[in-house]
Amino acid sequence: MKPLNPIVAACPPSGIRRFFEIASTMDNVISLGVGEPDYVTPWHVREAGIYALEQGYTTYTSNAGLLELRQAIVEDLSRRHRVSFDPTAECLITSGVSQGLDLIMRTLLAPGDEVIIPEPCYVAYGPCVTFAGGTPVYVPSDASFHILVDEIERAITPRTKAILVSSPSNPTGAIQPREVLTALADLAVRHDLYLVSDEIYERLSYDAPHTCVASLPGARDRTIVLGGFSKAHAMTGWRVGYVCAPAPVLELAGRIHQYTMLCAPHVSQAAALEGLRHGEPQVVEMVADYDRRRRLFAKGLNEIGLTCEEPQGAFYAFPSIRATGLDSETFAERLLETERVAVVPGNVFGASGEGHIRCSYATALPLLDEALERMGRFVRSLAA
């Protein structure tokens, strides 16, 4: 048989999914691994999906997505972040943010182009760049997981095409200060670079208002905003995301979308529209609950000896496990084997994630309390 694609063959499986699959074969496991809300999609959103089925909305939509949904998205961004997009030419509905990221990388990159990615970062970023023919260039962040703009600038070469950022961050829960993002936007203007901003967790910002990168001075016409409904609206399985970007970028991204996905599911788009129009009370309630969990969980991690800054956004804690003397892979494997708690080793999020583990606190408080008790017992056993 002829060999398969060597680029894909060289890409390791997702480190997040690997531990999830192992945990799924074991009994009595508390999973802090997969980044998924423990809430069910609000009933009125599900009901909108049911109604759409009953009315026979089972056809394709426009390739770009339902115009009503695009209009609602850009109105929401304008109201909350004072940034304007044209719903007919600068908004594209995708099958989740992951598809949006893939489309944008294939649109922006020519073979050999480089994308600078601050670490630790979501596991899909590098592979999406590589699959598009580009080269990911990883740059470590500081001890609080804030972007080091000077280090980003030092990494720029004639092949650099874009900088890919995420705030709030998966896996760290860090939010980039507005002044850091402003400096990054200034850097992109000086070097004529695109900014790809993954803002899927933007509603889960606890201590400070979210900064939409496209709203910063000079950034609007070079920024691609990725967003969606999976996290704040508890709609992971519905697979609805969006891309807002300058029209020339989306015109080409739309061509790829036409030939590959065609459109996001019609029923899911109808449900997302309901969530955006009438789901604010549920979003506020969920965010308040995550806020309580993150404070209690971060406090608990520090009390058992795993140093952890209180996350500012998303629903992840990224504690250090260096004091245990174990690397992150060994720590995660032994914790799962002995105490039945599933976490994700930090090294899957890049070399600078080593020495940490990612814990999702999108889990009911009693389970978080039990997980902390088990993790504390494990840490004490290592000290003994």
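Is Asp76 buried or exposed? Asp76 is buried, with a relative accessible area of 9%. Buried stands for under 20% relative accessible area, exposed for over 50%, and partly exposed for what lies in between (1.4 Å probe, protein chains only). This is a predicted model: local features need pLDDT of at least 70, side-chain atom pairs count only at pLDDT 80 or more, and totals for chains, interfaces and linings use all residues. Residues are numbered from 1 along each chain as its sequence is written, and side-chain values use heavy atoms, with hydrogens and water left out.

**View 1. A salt bridge joins Arg80 and Asp76.**
The N to O distance is 2.8 Å. A salt bridge here is a side-chain nitrogen of Lys or Arg within 4 Å of a carboxyl oxygen of Asp or Glu. Arg80 and Asp76 are four residues apart in helix α4, so about one helical turn separates them. Helices (H or I, at least four residues) and strands (E, at least two) are DSSP runs, numbered from the N terminus. Arg80 is partly exposed, at 28% relative accessibility. The whole structure holds 24 salt bridges.

**View 2. Helix α4 passes helix α10.**
Helix α4 covers residues 67-81, and helix α10 covers residues 266-278. Their axes come within 9 Å and cross at roughly 30°. Axes are lines fitted to C-alpha atoms, for helices over the stretch in contact, and angles run from 0 to 180 degrees between N-to-C directions. The two helices, α4 and α10, are therefore roughly parallel to each other. Angles under 35 degrees count as roughly parallel, over 145 as roughly antiparallel, 65 to 115 as roughly perpendicular, and the rest as oblique. The crossing of α4 and α10 is left-handed. Left-handed means that the near helix is turned anticlockwise from the far one by less than a right angle; right-handed means clockwise.

**View 3. Helix α12 crosses helix α13.**
Helix α12 spans residues 328-339, and helix α13 spans residues 365-383. Their axes come within 10 Å and cross at roughly 115°. That makes α12 roughly perpendicular to α13. The crossing of α12 and α13 is right-handed.

**View 4. Arg293 and Asp289 pair in helix α11.**
Their side chains form a salt bridge, at 2.8 Å from N to O. Helix α11 runs over residues 280-303. Arg293 and Asp289 are four residues apart there, which means about one helical turn lies between them. Both Arg293 and Asp289 are buried. Salt bridges with shared partners also link Asp207, Asp291, Arg294, Arg295 and Glu310 into one network.

Pro120 sits in the loop between β3 (114-119) and α6 (125-131). Pro168 lies in the loop between β5 (160-166) and α8 (178-191).

**View 5. Asn28 has a positive phi.**
The angle is about 60°, although Asn28 is not a glycine. Asn28 lies in the loop between α2 (15-24) and β1 (30-31). Asn28 is exposed, at 56% relative accessibility.

**View 6. Asp192 has a positive phi.**
Its value is about 55°, and Asp192 is not a glycine. Asp192 is found in the loop between α8 and β6 (194-198). At 58% relative accessibility, Asp192 is exposed.
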